[in-house]
Structures are given as structure tokens and as C-alpha cells.
Amino acid sequence: MSATTSTPTKLPPSQHQFADIIHRLEAGGAMLPDTPENLKQIIGIYKAYAVPMDFYWRNLLYIAEQVFLEPLPLFKYFLPKEYLDLHNHYAGDDADLRIWRGEATAHPELVEFMEKGEIKRKLPKLLHHLWHDRINMEFAEACMRSMFWHRNMGGQFDPYLDTDEYVANADRAIKAYFKGNPVMLGLYKLFPDMFVEQVRQLSYYSNLGLFWEVMAPVFFEMSDLYDEGKLTTVPEAMDFLVNGIFAIAGRPIYHNVYIRGECYEIVPKSKGFMWLYEAALPYVEAVFYRTSPFRGTKSYNAQAKQVPENQEDFHYGILYADVFPIGSAGIPPTLLMQDMLHFLPPYLVDYYQQYCRGEDDTLIQLGVTFQRSMYCVTSAVIQALRQALLYPLDDEDPQHLQANRDFFESQLDRFKRSEARLMDIQRQDYR
């Protein structure tokens, strides 16, 4: 059943604070209003996001699989050709499931940017790096750390990291990696938990890399469909995401390490951990909703009480972000906006020229657009969960429709916080 198929509700109007949005969800819509301007913004930003994401997922896997426990990983962002040529499992002729019709290797725009950067000159990679003329992997690592810090978000992947089996797998890999290095082996013997905890974090590198490997071709395909006139409404865009979520829900989540040509399974594929429950849902919870206060914007001093006492009360994700003050050097969302700036489709460049307060305002407007787009993605996750756990939107049974409504209302309860931007994105002039 398509998420956008529905009939007029047989229930009385909702009394929820966000009743109009609840009714829109019941009709198969998204939290984001269906306007041509909103559609243009979200599809354009999906394209701009997908290109650096194509680097993020490759680099995350490279760090998890090859860099591993390198004590001084100075060149961990220098992606080797092997990983640029690594075939995405959801693009290209040999795809497990072809979501995007493009090539399976690194996106041409990404390759060109890596060679010439913003300055459009081919210089040694180290010079581009030192000039900070590169893709900002620090953003990807911030997302990974959020997932690693906000643990126990459901699924079986995270509990497995605390099992004796996992520790034994990590132990084998650690000893193999430092074979012939008595200093590091001695440190490992003295501080085993510290090393295993670092391996746990690397398993989250792999988890996030495998998650984004799927999302990049999804966003590329949505951009192509929009350019071809085949995605014409926000609900259609959300429905594409819903169908994509179900199509790849079962892709394996694992962590392998390659040491001197031998593969060590830290989180084996045979455990059966799946993309939807072990990566997608924890990512949405940890990154869209929670994350953590950005350094320099909140005091971490306990006496100042600027940070919630309880982990579940964290509310610093993009769905709550005030995008205007985050445009500061070193703050992860700003690094993402800078990455996306290089890959904007022409129609979004024209849009920003029309509405921005000059070029210096572009990153802020990118942040607002990105916020809108992630409300659409979150809507797709909500609709997918409803579809998996509850009833069709056009169900004839009023009790089933009421169960759907209760679910939608419980999801939107999270946006009652004053920091939430749900009502802001209802206005087209929120720029």
C-alpha cells in the first residue's frame, strides 16, 4: 500500500496541538507542506547532500576497515583510489538492487572537486587539505559520535558490541593489527577496555558508512526524477523515500577489518543485523533529534544547567536547530553546509540569489533548506513505521484509523518543545 493512498478520515477532527499536520499525515502527506517551492528546495538539497555523502560513506568504511587503530591517523581523510572505485551496492550495472541509474564508483562531481577544490586548480592533495579546501569529514564523524554516544536506540547491533563474542572478535583483530609492535601490545595488555572501546567506535564508523551507502543513490535518483518531471509533489518525494526504506530494509550491517590482506570479522554479516533497525532508526533518533550541544554554544558546566541532565532530553538535532547562529567555524552543521555549497544544482543557486541577503547568507539559507528536507525524511520514517506496525491510511475500520492517529500524535508530541522548527517550516517565508 502506497503511503500516499488514503480516503477521507472517518474520525472526528484531532484535538492535538498540531491537528492540521496530523490530518495531513493521515491523508498521506508529510510534515512539510506540499508546495512547488518546498519541493524544489528539498530535491535540490538532496542532490547537494548526496555528493559529499558519496565521500562520507566511502571514507567511513576506509577508516573502519583499513585505518582501524592507527595511533596517529594523520592521513585518514586521504581516500585511496581503491575506495573511490569501490562499487556502491545500490548503483551501477552490478548493483544488488539498483536504486540510482548512475555509476557505482565515486560521483564525477566529487572526483572533480577532490582534484581541484574550490580554487579550481589541481594541486597536491596535501595542499588542498591544509588549505581546508576539501570535503569536511569532521561532520560525518560528528554524526558517528552521536550514534555511538546515544547508544541503545533499538535493534541488536548495539547490544552485540557488549557481548563476549564481540570482545573476542575485537581481541583477535587488535592483536593481529599490532603484531610485531611490543609497545602497543603492552599498552593493550595494560588497558584492554580502552582499545576495545575504540573498536566499538570503529564499528559505528562502519554502521554509518553502510547506512549512507544506501542514502546517496536514493538522493541521486530523486534528483534525476525531479529533473525529468517525474517527482512533482512533496508527498511523491516522501513516498519514494518510504518505498526505498522498505526496499533496502534488510541490507546487512557489519564491520570487517582488513589486516595484511586478511579479513577479520568484528561484526559478522552472519549475525543478520539489518539496515532499517540497526542503522536507519538509530541514526534518525541520535542525529535528527538528539545529537549534542555544539561546542561554544552551550556551557557543559553542570552548575550552569545549560545541558539536560537526562540523555533522552537532548534536543540538538536538525529538527530543533536554530540555523541562524550555527554558522560558526568548526560547528558540524556549518561544515556540512560548506560541503553542500559546492554541489548545488543551478535552480537552487538561482533560488538563493533571489532570496538570500547576499552570498554571506547562503550557508544559513542552506541550513534552512536542509532542515526542511530532513523534516520530509523524518515524515517518511514516520509513515514507514506506521505502515510496518499499524494499518493502511485507507483502512475501513475506525479503530484502526484511531490507532494510526494515536501513533501520529505520539510522534508529533516530540515537536511540542519550543526549540522545534515544525511550525517554522509551515511558513514559506521562513528563510
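Which residues does leucine 363 touch, not counting residues up to four places away in sequence? Point 2 gives the reply.

1. Basis of the model. This is a predicted model, in which local features need pLDDT of at least 70, side-chain atom pairs count only at pLDDT 80 or more, and totals for chains, interfaces and linings use all residues. Residues are numbered from 1 along each chain as its sequence is written, and side-chain values use heavy atoms, with hydrogens and water left out.

2. Leucine 363. Leucine 363 touches Thr334, Met337, Gln338 and Leu341, not counting residues up to four places away in sequence; contact means heavy atoms within 4.5 Å. The residue is in helix α15. Helices (H or I, at least four residues) and strands (E, at least two) are DSSP runs, numbered from the N terminus. Leucine 363 has 23% relative accessibility and therefore counts as partly exposed. On this scale, buried means under 20% relative accessible area, exposed means over 50%, and partly exposed lies in between (1.4 Å probe, protein chains only). Leucine 363 and threonine 334 are 29 residues apart along the chain, and their C-alpha atoms are separated by 7.3 Å.

3. Helix α13. Helix α13 covers residues 332-341, and eight of its ten residues are buried, so the helix is largely enclosed by the rest of the structure. The buried residues are Pro332, Pro333, Thr334, Leu335, Leu336, Met337, Asp339 and Met340. They pack against α2 (36-67), α6 (137-149) and α15 (362-389).

4. Aspartate 339. Leaving aside its neighbours within four places in sequence, aspartate 339 is in contact with Pro52, Tyr56, Arg134, Ile135 and Asn136. Its C-alpha atom is 15 Å from that of proline 108, a residue 231 places away along the chain.

5. Helices α2 and α11. Two packed helices are described by the angle between their axes and the distance between the axes. The axes of α2 and helix α11 (residues 234-247) come within 9 Å and cross at roughly 35 degrees. Axes are lines fitted to C-alpha atoms, for helices over the stretch in contact, and angles run from 0 to 180 degrees between N-to-C directions. On the α2 side the contact is made by Asn38, Leu39, Ile42, Ile43 and Tyr46, and on the α11 side by Val234, Ala237 and Leu241. These residues divide into seven nonpolar, one polar and no charged. Here Ala, Val, Leu, Ile, Met, Phe, Trp, Tyr, Cys and Pro count as nonpolar, Asp, Glu, Lys and Arg as charged, and the others, Gly among them, as polar.

6. The nonpolar core. The largest nonpolar core has 143 residues, and those with the most contacts inside it are Tyr46, Tyr49, Trp212 and Phe219. A nonpolar core is a set of buried Ala, Val, Leu, Ile, Met, Phe, Trp, Tyr and Cys residues joined through side-chain atoms within 4.5 Å. Leaving aside its neighbours within four places in sequence, tyrosine 46 is in contact with Phe219, Met222, Leu241, Ser373, Met374, Cys376 and Val377.

7. Serine 203. Serine 203 lies in helix α10 (residues 192-227) and, at 0% relative accessibility, counts as buried. Its side chain makes a polar contact with the side chain of histidine 255 (2.8 Å). A polar contact is a pair of N or O atoms within 3.5 Å; within protein, one must be able to donate a hydrogen and the other to accept it, and residues adjacent in sequence count only if both atoms are side-chain atoms.

8. Cysteines. The structure holds zero disulfides, a disulfide being a pair of cysteine sulfur atoms within 2.5 Å. For cysteine 143, the nearest cysteine sulfur is that of cysteine 376, 19 Å away. Cysteine 143 counts as buried at 4% relative accessibility, whereas cysteine 263 counts as partly exposed at 37%.

9. Positive phi values. Most residues other than glycine have a negative phi. Histidine 132, in the loop between α5 (125-130) and α6, has a positive phi of about 60 degrees. Asparagine 152, in the loop between α6 and α7 (157-160), has a positive phi near 60 degrees. Threonine 291, which follows α12, has a positive phi near 40 degrees.
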